[in-house]
Amino acid sequence: MSIYSSIMEFRKSDTVSRKPPFHWLRLFSLIAIGSFLLALPLHAQTKTTSEETTANVEKVDDVYLAPVVIEGDELFFLRGSSAQPAVERAAIVETRILDVAGSSAIKNLKMDIREDALGHQIFAGVNLISTVTQADSDMEKLPLPVLAGLHADAISEAISNYRADRTDDARADSAIEVGMWTLVFLVFCGAMLLLRKKGNKWISIVVQRQFSSFELATNKMVQVRAIAALILFGFKFILLIMFVLGLYYYLTFVLFAVAETRPMANLLLTHVTGPVLRIALGIASVAPNIVTILLIALLARFLIRGLRVFFDAVAAGSITLGDFEKHWVDPTFNILRVAVILIAIVFCFPYVPGSDSSAFRGLSLLVGAMLSLGSNSVMSNVLSGLFVIYRRSMNIGDRIKVGAHVGDVVEIKLMETHIKSVKNELISIPNAKMLNSEVINYTKRVHGSGLLLHTTVGIGYEETPEKIEAMLIEAAQRTDGLKSRPEPFVLWTELADFAINYQVNAFTTRGSSIPKITSDLHRNIVAVFNENKVQIMTPSYIADPIDPKISAEIWDGKLAHAS
């Protein structure tokens, strides 16, 4: 019995009170874990071991084991057989223990162990409680007398605790504990209501302050009210989850305070707190990886801020980079920022919890397939946008012509370029089209004299060419916006069937006003030719008219009105 005595002494020294007053430490720990559940990500691919039980039933060597549970506490495991399953055997023992514990006839319990042909029988007084068999001893790898003593001690303690929890003092303690938890829950509800009231007001103020400039930048396409509504919805959803968790644990702790409802409380804690603890332990196990990810993220953020300071200095002219143009500052910074973020993601990927799991790899393959199938045109426009930005063919504010569109460059994005037409229309042109089309820039000077504006008129062969050239030059000199130096000049572009096509050319530095200057030049050409009694034959005619097609009337500036 020396082994038995040693084990009993160890159990007594290691045993703590089954129910300390109000369980403050354990209960508050459970509350903290329940609140922390809101911030816990789902840790996939949890490792399972052969020691985990399913529905409190284990299978070892094809023989089922079942625990003897009294008010949620597992006393010991019993081994079953084909004739009597372990669950049935454990239920019989539980019923006997509860019968003895609830019997007021037996005041002083005396545990007795008697040897029998089947094993060692455990009696509580005169009531048989359980029989410890050799199979149980082999399963526990303990001598049969020692194992029987341990079972007897556990049964005695369970009966004592069962009766202690139903004394008048225990009932009073339970009532006080229920009252305390009710008070805590009422304070919690008040804090939730206050947090909801103050949180709505605080979120509205912060969103208005932080996103008002964003609303102006997007021309009210993204409204502050919509952003605030989304944030408030998320805030209320989190508060709802917190309230549900608080209510759940409040009910659990109230049930735990009463002896009769304690098994139900243990069941609730097992089904909710168990998974929460496993998640918490999973998070704790990957805490070094999370710290590494945070360090990489902080380093990436530091590099991005350094790049921002550097390119702000380049934009301000404090730092010069040779032929680096100022309108390249923002796109170059954005490209480098994306590159830093992508590199940081690559470095962080091995440290992401579950990154080596098959589910994570399958998700990565799915995302990669979606990107490869749907990003052909997107990547084409992105690469084209880089060429458009850096090939120096145009800048913001330049007047350009792309295909049939003429307008001023408003914005050059990575995917598209926005131009404002001369009719004040905003035209979005994909950068792939910009790269594959001819772009005429009316603003950028190629020659020091400016842009050469020209127009063509057809005049009959009977007119003196020198006179025609003089009239066209006179019309150009009368036009505002055309330079007198270098002087305008005339080219013969074609000897047509009925007329000579004369092209008048004049320099201008006002590329953004070309439509107006061209209109004024046409007006002045008609005026000069009318003054000199020369008719313009453009585009062509069938026969010479009897009278020249020249207006001889002078308009008095008044329009006729219907009577």
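This is a predicted model: local features need pLDDT of at least 70, side-chain atom pairs count only at pLDDT 80 or more; totals for chains, interfaces and linings use all residues.
Residues are numbered from 1 along each chain as its sequence is written, and side-chain values use heavy atoms, without hydrogens and water.

**Backbone: positive phi**
- Lysine 141 has a positive phi of about 60° and is not a glycine.
- Lysine 141 sits in the loop between helix H4 (134–140) and helix H5 (144–164); helices are DSSP runs of H or I with at least four residues, strands are E runs of at least two, and both are numbered from the N terminus.
- Lysine 533, also not a glycine, has a positive phi near 55°.
- Lysine 533 follows helix H15 (514–531) and is exposed at 59% relative accessibility.

**Backbone: cis peptide bond**
- The bond from arginine 485 to proline 486 is cis, with omega near -5°.
- Proline 486 lies in the loop between helix H14 (465–478) and strand S13 (489–495).

**Nonpolar surface patch**
- Phe237, Ile238, Leu240, Phe243, Val244, Leu247 and Leu251 form a nonpolar surface patch with about 600 Å² of accessible area together.
- Patch residues have over 30% relative accessible area and no salt bridge, and nonpolar side chains are joined within 5 Å; a salt bridge is a side-chain nitrogen of Lys or Arg within 4 Å of a carboxyl oxygen of Asp or Glu.
- Areas come from the Shrake-Rupley method with a 1.4 Å probe.
- Leucine 240 belongs to helix H7 (residues 224–257).
- Leucine 240 is partly exposed at 49%, a class between buried (under 20%) and exposed (over 50%).

Definitions and conventions: Buried means under 20% relative accessible area, exposed over 50%, partly exposed in between (1.4 Å probe, protein chains only). Patches are made of residues with over 30% relative accessible area and no salt bridge: like charges are joined within 9 Å, nonpolar side chains (Val, Leu, Ile, Met, Phe, Trp, Tyr) within 5 Å.
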